[in-house]
Amino acid sequence: MKNTASKLLNWIEFPVLLAGLVIAGGLWGFEELMEVARDTTPHAFDTEILLAFREAGQPDNPIGPPWLEGAMRDITSLGSASVLVLMTAAVIVYLLLIHRPGPAFLVFVAVAGGQALSSTLKLGIDRPRPDLVSHLADVASLSFPSGHAMLSAVTYLTLGSMASRFLPGRTTKVYVLALAVLTTLLVGISRVYLGVHWPSDVLAGWCAGFAWAMLCWLAAWALQRWRGQTDGG
């Protein structure tokens, strides 16, 4: 029994345990936020934060200097479908050019699967956009979860983890992953600032996006480990 437990601990690495915790936490958080989204009246948590991004008594006027609104529109575009598709396509083509079809396929599955999952979840919850404040960006789809928040998490974390595999040194790896997380957080915050999502929409998008990205990474890790054992055996 002890030998089996010892082998299991040797087989499971710390990043794998961390990925498992992120997946479990993301699923739990999404489930909790789904209950908030299904309420017939907006939660106080959502309304208070959304109004905090507007001048007191002026729901059409966002806080901060005039240039901040333009900056938030620029940041939110980093989570748009067109930008993420172009970025993903560029990475996939590059990986194919250097004869890495496996990682290219992983990137495609992670991002395309995340897009399909996001669309399915939106239809399942069917939450309308917030009408408490004016929208400072054009929107057409449903609100929960935030597609920008979810897909930016999926795309940037997948690309960040992929890039970190080829980078030398722990510092550079941490920097790339931290940059991926920071970009994801900024995109989500911009959606609330622009008034096109409830905060719970963004939190749910982060939860689902982080969980999906880690699940794809975990699947890739398990496949790589299995191939290594097969080749070695």
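A salt bridge is counted where a side-chain nitrogen of Lys or Arg lies within 4 Å of a carboxyl oxygen of Asp or Glu. The model is predicted, so local features need pLDDT of at least 70 and side-chain atom pairs count only at pLDDT 80 or more, whereas totals for chains, interfaces and linings use all residues. Residues are numbered from 1 along each chain as its sequence is written, and side-chain values use heavy atoms, with hydrogens and water left out.

Three salt bridges are found in a search of the whole structure. In one of them, Asp201 pairs with Arg127, and the closest N and O atoms are 2.7 Å apart. This pair links distant parts of the chain, 74 residues apart: Asp201 belongs to helix H9 (residues 199-232) and Arg127 to the loop between H6 and H7. Helices are DSSP runs (H or I, at least four residues), numbered from the N terminus. Arg127 also meets Asp46 in a salt bridge, at 3.1 Å from N to O. Asp46 lies in helix H3 (residues 44-52) and Arg127 in the loop between H6 and helix H7 (147-164), so the pair ties together parts that are 81 residues apart in sequence.

Buried residues have under 20% relative accessible area, exposed ones over 50%, and partly exposed ones lie in between (1.4 Å probe, protein chains only). Arg127 is buried at 7%, Asp46 is buried at 0%, and Asp201 is buried at 0% as well.

Glu69 forms a salt bridge with Arg73, with the closest N and O atoms 2.7 Å apart. Both residues are in helix H4 (residues 66-76), four residues apart, and are separated by about one helical turn. Arg73 is partly exposed, with a relative accessible area of 38%.

Lys122, in helix H6 (residues 101-125), is buried yet has no salt bridge. The nearest side chain of opposite charge is that of Asp201, 7.3 Å away; Lys and Arg count as positive and Asp and Glu as negative, while His and the chain ends are not counted. Leaving aside residues up to four places away in sequence, the contacts of Lys122 (heavy atoms within 4.5 Å) include Arg129, Phe144 and His197.

Tyr175, Leu179, Leu182, Leu185, Leu186 and Ile189 make a nonpolar surface patch of about 520 Å². Patch residues have over 30% relative accessible area and no salt bridge; nonpolar side chains (Val, Leu, Ile, Met, Phe, Trp, Tyr) are joined within 5 Å, and like charges within 9 Å. Accessible areas come from the Shrake-Rupley method with a 1.4 Å probe, and for residues only the protein chains shown count as cover. Leu186 lies in helix H8 (residues 170-193) and counts as partly exposed at 37% relative accessibility.

Technical notes:
Helices (H or I, at least four residues) and strands (E, at least two) are DSSP runs, numbered from the N terminus.
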